[in-house]
Every structure is written in C-alpha cells, then in structure tokens.
Amino acid sequence: MSESVHPIEVNGLSRKFGKTQALDGVSLRVPKGIVMGLVGENGAGKTTIIKHLLGLLKPDAGTVRAFGIDPVQSPEQTLNRIGYLSENREIPGWMRVSELIAYTRAFYPKWDDAYAAELLHAFKLDPTARVKNLSRGQRAQAALLIALAYRPELLLLDEPSSGLDPVVRRNILTTIIRGVVNEGRTVLLSSHLLDEVERMVDHVAMVHEGRIVLCAPLDELQRQHRRVTVRLATSANEPPQLPGVLLWDDIAPMGDGREWTAICNGKTEEFRQAVTQLNAEIVEDNAATLEDIFVAHVRGGKKGA
Ligand code: ATP
C-alpha cells in the first residue's frame, strides 16, 4: 500500500435512517499504524461509521474509502484486509469453536495457525465447545480470535471491551492492540468507556449526534486541556468570565461559592493573568481526563471561550 493511501478516509459522510440523521457530514482520516478511538455516547453514530467502512451501508452523501477503495463498490478488495469485531459478536451458534476457526480460516490465505492457537490458549477457550453455549465474554473472545488470526491490515473493533472481564480487557486486549500497531497495522475501535480508551489509543475522534466534534492525537488533547479550580476573593453565584474555559463544573461551587472548577483548553497564560486580575487564585491545576475533555466539548463546546 502506498504511504499516501490511508487505511481509512471518510469525507462528508451523511446517512439517515428514516427521520434519524445518524451521520451528518463526517470526515475522518486514519493513517497507517495508529490506534484511533471512536468515542461517543450511545446512538452517537460510531457503529454506523464502522458499517460504512465495511461496505454494509451506502452513504447518502460523501465518500468512504478503505485503502483508497470504495468498500460498497469493491468489497472483495477491502474485506480480506479488514478484521471486524461486531458489537453483537455475530458468529454462528451451532458451530464448535474449532469449526468456527476452520471455517473462517478457509476464507483467508494469510490465516496464521500459530497465532490462532496462541489466542485460543490466551483466552482459555475450549475448541470443542459450541458457540451457543459460550458465555458472553467467551463468545466475544471467539469473535476477536477470528477477527485477528489472519492479521488484517485494518482492525475494526466495535465496543471491544463489552462482555470481557477486567483481566482480559486490561492485559490481553491492550497487548493485542499494541501488537497490531507495532506491526504497522491499524486499529479503529469504538467505545464509550473513556478511561479504557485513554489507555489504548493514540488518536481520538469524538462523535456526537452524528458529527465528529474533535479529532486529535491523545497526547495533544491531554497537553491542551486542564482541570483547574479557582478560588475567588469573594463568593459568587455565577462562575467568573475567564479565557479558555470550555465548561464550568455543574457541581455547586465549593467554599461558600468561592471555588469554581473549570475544564480549560489552552490559553494557560491568559487564563492565569485573568485570574490574577480578578484578585483570585488557582488552587488546583491537573491534567484533564479524556472524560472531562469529552464532556467539555460536547456540553460546553458551543460556549467555548
Ligand atoms: P452505541 O454506543 O449505542 O452502539 P453508536 O454510537 O454505535 O451507539 P449507531 O448504532 O451508529 O450509534 O446509531 C446512530 C443512530 O442511528 C442511532 O440513533 C440509531 O438508533 C440509528 N440507527 C442505526 N442503525 C439503524 C438502523 N438500521 N435503522 C434505524 N436506525 C438506525
């Protein structure tokens, strides 16, 4: 693949279901070799984006390309390069795990038997068990195994943590995702568990009501955003006007209405000067979490300074 062709390139994608505008002008570019987290609330449009990348849905407007190819027009050229873990882990219940593996293997010339065996062992899956008798977490693991074992160039994981216990989530899933990226392959994962996303991804795209409200490298977002508590000289019913504030915490102000907490975006020096001019002081200044950043942009973005 030429370096200039990205595994994912979506431009102006819109899609309606009846009266529901599921996607509204989504543009997203994912370069090779990164983990991109697609985060957003339930119904934000994450799964709909993933389904377009698989060619399962046709855009109402805009373009979708996987490896530079239209997945609706030429699914045979894209699907064998994409591994997909669906939100509902759709795999045939009547098959035994070993049959599921043998069946899937037949579709993929690049299937890696040793890796499949390694994953089977890591997940402690019984090859003789029928899929329909697996627990929710075991089914998720079986689905993950068949999405991974042909070492696809692009891995699309829809809510990969769902149903997995904390050990598998923290250790195995994170190790798998890092391994994929270390081999120069690409991962797009959707999740609403922001603390987990924070541990797994390099880039974040925040989806809200069918739009991408923010897309940036995680470390850049973490550098730019702070959670700052200001103590005013006198108590106030309203938060002060300060530059760079995206959102004031809803929680009632502390210390007799003198302490107010904000999620801020950049403008650190201006913010500090303004605080001094108000005769106020900064009493706490911490890195904002991804959840803080998400809430600030989704709820407070329109009021952004
Ligand atoms: P979740 O985190 O709950 O999985 P999501 O961000 O993946 O949510 P989508 O599944 O993409 O959200 O749904 C986006 C919107 O489109 C929702 O309002 C959903 O109800 C609607 N939608 C999605 N697929 C369909 C469909 N096949 N028919 C009708 N509406 C749909």
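What distance separates the centres of domain 1 and domain 2, taken over C-alpha atoms? In this predicted model, the two centres lie 37 Å apart. The domain assignment of the protein places domain 1 at residues 8-219 and domain 2 at residues 225-299.

**Where the domains meet**
- Contacts between the domains involve 13 residues of domain 1 and seven residues of domain 2.
- His 297 sits in helix H10, which spans residues 290-300.
- Is His 297 buried or exposed? With a relative accessible area of 15%, His 297 is buried, because buried means under 20%.
- Setting aside neighbours within four places in sequence, the contacts of His 297 are Leu 214, His 225, Leu 246 and Asn 265.

**Nonpolar cores**
- The largest nonpolar core holds 60 residues, and those touching the most other members are Phe 123, Leu 145, Ile 176, Val 187 and Leu 189.
- Helix H5 (residues 136-148) supplies the largest share of this core, with eight residues.
- Both domain 1 (8-219) and domain 2 (225-299) give residues to this core, so it lies between them.
- Returning to Leu 189, its contacts include Val 35, Met 36, Gly 37, Leu 38 and Leu 157, not counting residues up to four places away in sequence.
- Under that sequence limit, Leu 189 also touches Pro 160, Ile 177, Val 197, Met 200 and Val 201.
- As general background, nonpolar side chains tend to be buried together in soluble globular proteins.

**Helices H5 and H6**
- The axes of H5 and helix H6 (residues 166-182) come within 13 Å and cross at roughly 10°.
- H5 and H6 are therefore roughly parallel to each other, since angles under 35 degrees count as roughly parallel.
- On the H5 side, Gln 141, Leu 144 and Leu 148 take part, and they meet Val 168, Leu 173, Ile 176 and Val 180 in H6.

**Helix H1**
- How many of the eight residues of helix H1 (residues 46-53) are buried? Seven are buried, so H1 is largely enclosed by the rest of the structure.
- The buried residues of H1 are Lys 46, Thr 47, Thr 48, Ile 49, Ile 50, His 52 and Leu 53.
- After H1 comes Gly 55, with a positive phi near 80°.

**The four-stranded sheet**
- Four strands form an open sheet in the order S11-S12-S10-S13, with antiparallel pairing.
- Strand S11 (245-248) and strand S13 (281-287) are the edge strands, each pairing on one side only.
- From one strand to the next, the twist averages 30°.
- Strand S10 (residues 225-231) runs antiparallel to S13, and six bridges join the two.
- Across from Arg 227 stands Asn 286 in S13.

**Helices on the sheet**
- Helix H9 (residues 268-277) packs on the sheet, where it touches S10, S11, strand S12 (259-265) and S13.
- The direction of H9 makes about 155° with that of S13.
- Helix H10 lies across S10, S11 and S12, and runs at about 95° to S11.

Methods. Residues are numbered from 1 along each chain as its sequence is written. This is a predicted model: local features need pLDDT of at least 70, side-chain atom pairs count only at pLDDT 80 or more; totals for chains, interfaces and linings use all residues. Side-chain values use heavy atoms; hydrogens and water are left out. A nonpolar core is a set of buried Ala, Val, Leu, Ile, Met, Phe, Trp, Tyr and Cys residues joined through side-chain atoms within 4.5 Å. Buried means under 20% relative accessible area, exposed over 50%, partly exposed in between (1.4 Å probe, protein chains only). Domain bounds come from an automatic or database domain assignment. Contact means heavy atoms within 4.5 Å. Two strands pair if DSSP finds at least two bridges between them. Axes are lines fitted to C-alpha atoms, for helices over the stretch in contact, and angles run from 0 to 180 degrees between N-to-C directions. Angles under 35 degrees count as roughly parallel, over 145 as roughly antiparallel, 65 to 115 as roughly perpendicular and the rest as oblique.
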